[in-house]
Amino acid sequence: MKVTRATFNDVMVPNYNPASMIPVKGEGSRVWDQEGKEYIDFAGGIAVNCLGHCHPAMVNALTEQGNKLWHLSNVFTNEPAIRLAKKLTDATFAERVYFANSGAEANEAALKLARRWALDNHGESKNQIIAFTKGFHGRTFFTVTVGGQPAYSDGFGPKPGAIEHVDYNDLAALEAQMSEKTCAVMMEPLQGEGGVISPDADFVKGVRELCDKYNALLIFDEVQTGFGRTGSLYAYEQLGVTPDILASAKSLGGGFPIGAMLTTAAIAEHLKPGTHGSTYGGNPLACAVAEAVFDVVSTDEVLAGVKEREELFKNKLAEINERYGVFKDIRGKGLLLGAELSDDYTGKARDFLNAGADEGVMVLVAGPNVVRFTPSLIIPEADVLEGLARFEKAIAKVVA
Ligand SMILES: Cc1ncc(COP(=O)(O)O)c(C=O)c1O
């Protein structure tokens with residue numbers, strides 16, 4: 001059956017408005033569409049394809065597991081899930097893992113666990129969740145309400161309660177909100193969707209101190225920053241702060257849907273049998289792929305390579321900007337990078353994305369004013385250079 005982008009409008013719910021071309025094949029950091037046109041992929045499926053497309057280690061893990069056992073549900077456990085959980089706990093602060101299927105679900109589990117922990121330990125009144133404006137935590141009704149963009153949670157009826165927001169990097173505002181009623185603070189260690197915004201040097205430490213002072217749990221949403229994206233397995237390692245609960249997804253599966261919530265043994269105790277669950281969470285196919293991704297991403301070579309690529313991207317983008325002056329800031333960490341448009345181009349990030357696609361390079365936006373780059377963590381230098389050369393052509397067209 002021949003399908004086209006026009007077919008999409010006839011058969012799909014209109015909540016997405018995808019690009020006009022349809023990709024059909026990918027290899028490494030290159031993608032081809034139905035017409036055979038080639039693209040360099042700086043989008044990486046929104047920070048997911050951390051080893052590019054069809055990495056042999058992932059293909060092998062998937063086909064090997066696919067010939068053994070696909071699905072059981074959590075009525076039974078399985079070897080890939082236990083092995084992956086062992087690797088995650090050995091490599092992080094965490095002692096216990098809960099598997100889900102997406103970032104939103106990992107965060108949903110984190111929030112429910114925090115509420116249950118607070119109820120068990122401190123009673124009903126300790127239920128306040130504080131998060132940050134511009135934060136993004138997923139689209140379930142709880143996570144989208146905790147997210148800091150009301151436009152995404154408005155219009156669906158009564159929202160989950162006891163959720164407050166303060167500005168990111170405003171420690172005084174956080175302190176003013178916090179009390180013994182605070183159950184948890186949820187934050188991204190670098191805001192992705194909100195515009196690629198880094199925390200100030202002492203902000204995260206300050207958040208940790210306030211959580212300790214008021215007996216609240218600190219939840220790091222590392223769905224976008226995690227699994228090597230910022231040059232360490234998780235971003236918290238570089239911030240000198242350890243969360244109580246961490247949510248991981250996106251790069252964790254490298255393109256196979258999986259999410260994970262990581263926490264300590266003492267906190268995990270509060271999700272007793274029957275309190276939470278998922279039919280697919282910990283699915284053997286997903287966990288086998290994620291284990292293969294872990295084995296590659298957690299190496300010094302790959303993590304050091306992320307920092308090298310960050311430098312290359314930032315230097316080349318700065319050079320391009322010397323010629324066109326379209327950016328007022330080039331920022332981010334590792335391969336979660338953002339270029340904020342200068343005032344003349346306010347609100348036009350999507351024009352750059354579209355022009356990029358025309359020139360054969362896929363980029364993302366993070367809000368109306370930031371072009372975002374989240375390529376494969378192992379993208380070859382030649383692809384970075386070729387992709388940025390194409391992006392420069394796109395810039396030239398937008399400027400003209
Ligand atoms: C920080 C963060 N948290 C949660 C999510 C939601 O993840 P998912 O779309 O897999 O539910 C995202 C997705 O962009 C994200 O960037």
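Reader: Where is Lys250 found?
Author: Lys250 sits in the loop between β9 and β10. Helices (H or I, at least four residues) and strands (E, at least two) are DSSP runs, numbered from the N terminus. This is a predicted model, where local features need pLDDT of at least 70, side-chain atom pairs count only at pLDDT 80 or more, and totals for chains, interfaces and linings use all residues. Residues are numbered from 1 along each chain as its sequence is written, and side-chain values use heavy atoms, with hydrogens and water left out.

Reader: What feature does UniProt place at Lys250?
Author: The unreviewed UniProt entry gives "modified residue: N6-(pyridoxal phosphate)lysine" at Lys250. UniProt positions follow the numbering used here, feature names are shortened, and annotations may be inferred rather than shown by experiment.

Reader: Is Lys250 buried, partly exposed or exposed?
Author: Its relative accessibility is 22%, so Lys250 counts as partly exposed. Buried means under 20% relative accessible area, exposed over 50%, and partly exposed in between (1.4 Å probe, protein chains only).

Reader: Which residues does Lys250 touch?
Author: Not counting residues up to four places away in sequence, Lys250 touches Ile46, Ala47, Val48, Val223, Gln224, Gly255 and Ile258. Contact means heavy atoms within 4.5 Å.

Reader: And Asn49, buried or exposed?
Author: Asn49 counts as buried because its relative accessibility is 12%. Asn49 lies in the loop between α2 (44-47) and α3 (56-66). Leaving aside neighbours within four places in sequence, its contacts are Asp41, Gly44, Gly254, Gly255 and Ser376.

Reader: Change of topic. What is the strand order in the open sheet?
Author: Seven strands run β4-β10-β9-β8-β7-β5-β6, with mixed pairing. Two strands pair if DSSP finds at least two bridges between them.

Reader: Which are the edge strands?
Author: β4 (96-100) and β6 (163-166), each pairing on one side only.

Reader: How many bridges join β4 to β10?
Author: Five, and β4 and β10 (residues 259-263) run antiparallel. Ala100 stands opposite Gly259 in β10.

Reader: Now the largest nonpolar core. Which residues touch the most other members?
Author: Phe373 and Phe391, in a core of 76 residues. A nonpolar core is a set of buried Ala, Val, Leu, Ile, Met, Phe, Trp, Tyr and Cys residues joined through side-chain atoms within 4.5 Å.

Reader: Why does this core lie between domain 1 and domain 2?
Author: Because domain 1 (5-54 + 300-399) and domain 2 (69-298) both give residues to this core. Those bounds come from an automatic or database domain assignment.
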